[in-house]
Amino acid sequence: MKYFSNIGVYFLMLGQVFKKPQKLSVFRESLFKEVEELGLKSLGIVAFISFFVGGVVAIQTALNVDSPWIPKYLIGFATKRSIILEFAPTFMSIILAGKVGSYITSSIGTMRVTEQIDALEVMGVNALNYLVLPKVVAAVFFYPFIVLLAMFLGIFGGWAAGFMTGLFSSDDFITGIRMDFYPYLIRYALIKTMVFAFVIATVPSYFGFYVKGGSLEVGRASTQSVVWTSIVIILLNYFLTQMLLG
Amino acid sequence: MIEVNDIYKSFGEQEVLKGVSTTFEKGETSMIIGSSGSGKTVFLKCLLGLFAPDSGDICYDGRHYRKMSTSEKRDLRKEMGMVFQGGALFDSETIEDNIKFPLKMFTDQSEEEMLDRVNFVLNRVKLENVNQKFPAELSGGMQKRVAIARAIVMNPKYLFCDEPNSGLDPQTAIVIDNLIQEITDEYQMITVINSHDMNSVMEIGEKIIFLKSGIKEWEGSYKTIFKTDNQAVTDFVYSSNLYKKVREVYNK
């Protein structure tokens, strides 16, 4: 019963979030801040993980494809497909849910327990709209670029792994990534990313905004928000894949 | 004038306010006192519109809160200033940005005009050279003064303070009390302060409301509070050793 009540409160919260910003200049300023906080500051970790996971995917594929009947270019093809379809949009979103989700919950939660949100409301500010809308817009419109970067670096990491280990040649890998290119898969990945970005911005905001207590509860809410954001992403991934590719 | 008419507020089974009625006048500093759990904070939050009373009504200069739309309620809040117990300053923003925030949000003033206003209110609360500092870099008393500056930057009609002296030394507490009183007189605001600091009550309590278990037990002023024979009030007032001694000396 409590879960249904929480889901109801979450949707009521969204009703308050998606209202016209009270002052566009203030909204613009907050939006740029959030693009920096949620997007630009995540580039380092995304680049690092993408490059190395791309490399690992390529090496593992190469090690499992040892039959002489299977052409080597399939390593590049498999690496490309797994990175574009799952690794970049879903795995990156789970990582961002951990990094950005805990940041959102703890920052909004701390504002709640130190009465800063009350201060906003007393001033006549729609606190949900002011705090959450810039995060949603920043995440939904910026994360697709992060995921495109993750795709590029993941594939590049795969190529670099072959180059460094000698398990497959550069030409085979490039032939594989060029083979059977299907642009809809990129669209599918970006649609998923935008949906996940919405979840990453709103679910942790919900946990932060409605936290009660002190710093310990804020910590607990951060953990819960990461867990629930990840669960929602995994579930939505299942349904979106069925809807968009099924 | 703020008229509070018979308000009730409960949280689940727990009844926190039980039919409180009173009025707050322009240019007057009113204190709400009572021990912890007496309903002071909930009462103040009802006055601020952060909690909606279950029944009863609050009327702000003829405007009934219960009959207001959401946007009217938001507009009403622009006429309110609030000093929170912990200051509630935005800790990731500078003092200047903290005070400028309501101006940026609700006025079309230029940067220069906003800066002039920020400097004016900072000067009014006797703070200098703090514009680019962050709240954590200031002492508790200075943070309270910044909170007062932010609360008055929009020239509010109503000023609410929740325990403005908590955590301050007695001398700084007197400075803050006097500042609130001066500002109330100067801008002819309606000021309501939540406190259990009897020194503050004696300094600036032109009107005092004593709450006990969510009921208004007594109403008077700092001139009458020592003369009352209401047992709950005298128990509260003379709970500190200092006031007990003052009473003994006074009675001798």
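## Helix 5 of chain A

In this predicted model, helix 5 (residues 116-123) of chain A is largely enclosed by the rest of the structure, because seven of its eight residues are buried. Buried here means that 20 or more other C-beta atoms, placed from the backbone, lie within 10 Å of the residue's own. Helices are DSSP runs of H or I with at least four residues, strands are E runs of at least two, and both are numbered from the N terminus.

Among the buried residues are Ile117(A), Leu120(A) and Met123(A). The buried set packs against helix 4 (73-113) and helix 6 (127-165) of chain A, and also against helix 1 (40-48), helix 2, strand 6 and helix 3 of chain B. After the helix comes Gly124(A), with a positive phi near 95°.

## Where the chains meet

The contact draws 15 residues from chain B and 13 residues from chain A; two residues are in contact if their C-beta atoms, placed from the backbone, lie within 7 Å. On the chain B side, helix 2 (70-77), strand 6 (80-83) and helix 3 (95-106) each supply at least two residues.

Let's look at one residue of chain B. Met82(B) touches Ala119(A) and Val122(A), as well as Leu48(B), Ala151(B) and Phe160(B), leaving aside residues up to four places away in sequence.

## Numbering and confidence

Residues are numbered from 1 along each chain as its sequence is written, while chains are lettered from A and ligands numbered from 1 in the order written. Local features need pLDDT of at least 70 and side-chain atom pairs count only at pLDDT 80 or more, whereas totals for chains, interfaces and linings use all residues.

Key
Buried ≥ 20, exposed ≤ 12 C-beta atoms within 10 Å, placed from the backbone.
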